[in-house]
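This report describes the strand pairings, charged contacts and aromatic contacts of one protein model. The sequence and the structure are shown first.

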Amino acid sequence: LAAIALAAAALALPETAAVPGGVVAIPIDAPADARPVATLDGARVMVRRDGDRWLAIVGIPLDAEPGPQTLVVGRAGRTEKISFDVGPKSYAVQKLTVAPGQVNLSKENLERVEVERQEIRAALKAFSDREPETLRLAPPVAGPRSSSYGLRRFFNGEARNPHSGMDIAAATGTPVTAPAAGTVADVGDYFFNGNTVILDHGSGLVTMYCHLSRIDVKPGDAVAAGEAIGAVGATGRVTGPHLHFGVTLNGTMVDPALFLPPEAP
């Protein structure tokens, strides 16, 4: 019976990949009644009980260099360092030639983008003490998924930040639903992202939904899995309607595909 109970308590983990933009699960040796505290590069990391052990669920930054990384674990008044290796991964490169006005922003827009970037970043770094109900997410909208996470874009030879989420194609007005229970951390209408909703699922698991045609929630709202939070649109800087779906762990954007079920044929 005890073995059955432990098996039932096992976590449904995201797919793990020890590469930049990936997720790793690192066992921590600590008593069941003493939750450890873990950090990576100073950022708090999710720690969950998994059967008869503790696990740190770590998001690896997309710009992490291959090689050893160090998880710092505090427990029972002492600190321990646990090393893990990050392997290399090559993401696709896209080179585009566009009109200069589509690349170089005006001073006014640059100032707006910087203010918005800080606001969005603060919401994505949220770490609440609640535990996520699940670490396996339902698709927020049905539609073909791009594999563009990590895509490095060059506009007129100038490098831009890699793509930090997944694009899901769907028609304008298609409902977007919460992939798991959470609290609305922020909403806004941003220069690049357009109408945006950010959900805090707990312990550093945060999701983001961009380019919405409408927003159906407000900051502080509690949402259930499957509840509508907005609708697909083409707001912000986009070429057509779709959902940009982002997933953050310990304040870093990771590959959303690791949290979703396989795409249907």
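## Sheets, salt bridges and a buried histidine

Threonine 39 stands opposite valine 72 in β5. This is a predicted model, in which local features need pLDDT of at least 70 and side-chain atom pairs count only at pLDDT 80 or more, while totals for chains, interfaces and linings use all residues. Residues are numbered from 1 along each chain as its sequence is written, and side-chain values use heavy atoms, with hydrogens and water left out.

Strand β2 (residues 37-40) pairs with strand β5 (residues 67-75) in the antiparallel sense over four bridges. Strands are DSSP runs of E with at least two residues, helices are runs of H or I with at least four, and both are numbered from the N terminus; two strands pair if DSSP finds at least two bridges between them. β2 and β5 belong to an open sheet of six strands with antiparallel pairing, in the order β1-β4-β3-β2-β5-β6. The edges of this sheet are β1 (23-28) and β6 (78-86); each has a single partner strand, so one side of each is left without a neighbour in the sheet. On average, neighbouring strands of this sheet are turned by 30 degrees against each other, direction ignored, where the axes are lines fitted to C-alpha atoms and angles between N-to-C directions run from 0 to 180 degrees.

**The three-stranded sheet.** An open sheet of three strands has the order β11-β17-β15, again with antiparallel pairing. Here β11 (175-177) and β15 (214-215) are the edge strands, and each has a single partner strand, so one side of each lacks a neighbour in the sheet. Strand β17 (residues 228-231) is joined to β11 by three bridges, and the two run antiparallel. Within this pairing, proline 175 stands opposite alanine 231 in β17.

**Strands β7, β8 and β9.** The pairing of β7 with β8 is parallel and comprises four bridges. Lysine 95 stands opposite phenylalanine 154 in β8, and the bridge partner of phenylalanine 154 in β9 is alanine 159. β8 and β9 run antiparallel and are joined by two bridges. Two residues lie between the strands in the hairpin of β8 and β9, where asparagine 156 takes a positive phi near 55 degrees.

**Salt bridges.** The structure holds 10 salt bridges, each defined as a side-chain nitrogen of Lys or Arg within 4 Å of a carboxyl oxygen of Asp or Glu. Some of these pairs are listed below.

| Aspartate 50 | Arginine 53 | 3.1 Å |

Accessibility is classed as buried under 20% relative accessible area, exposed over 50% and partly exposed in between (1.4 Å probe, protein chains only). Aspartate 50 is buried at 9% relative accessibility, whereas arginine 53 is partly exposed at 36%. Aspartate 216 is partly exposed at 37%, and arginine 214 is likewise partly exposed at 39%. Lysine 218 is exposed, with a relative accessible area of 52%.

**Aromatic pairs.** Three aromatic pairs are found in the whole structure. Rings of Phe, Tyr and Trp (its six-membered ring) pair if their centres lie within 6.5 Å; planes under 30 degrees apart count as stacked, over 60 as edge-to-face and the rest as tilted. One of the pairs consists of tyrosine 91 and tyrosine 149, in an edge-to-face arrangement with 5.8 Å centre to centre and 75 degrees between the planes. Tyrosine 91 lies in the loop between β6 and β7 (93-96) and tyrosine 149 in the loop between α2 (107-124) and β8 (152-155), so the pair ties together parts that are 58 residues apart in sequence. Tyrosine 91 is buried at 17% relative accessible area, and tyrosine 149 is buried at 4%.

**Histidine 163.** The loop between β9 (158-159) and β10 (166-169) contains histidine 163, which is buried at 9% relative accessibility. Not counting residues up to four places away in sequence, histidine 163 touches Leu62, Ser148, Tyr149, Gly150, Leu151, Arg153 and His244, contact meaning heavy atoms within 4.5 Å. A polar atom of the side chain of histidine 163 lies 3.0 Å from the backbone oxygen of glycine 165.

Key:
A polar contact is a pair of N or O atoms within 3.5 Å; within protein, one must be able to donate a hydrogen and the other to accept it, and residues adjacent in sequence count only if both atoms are side-chain atoms.
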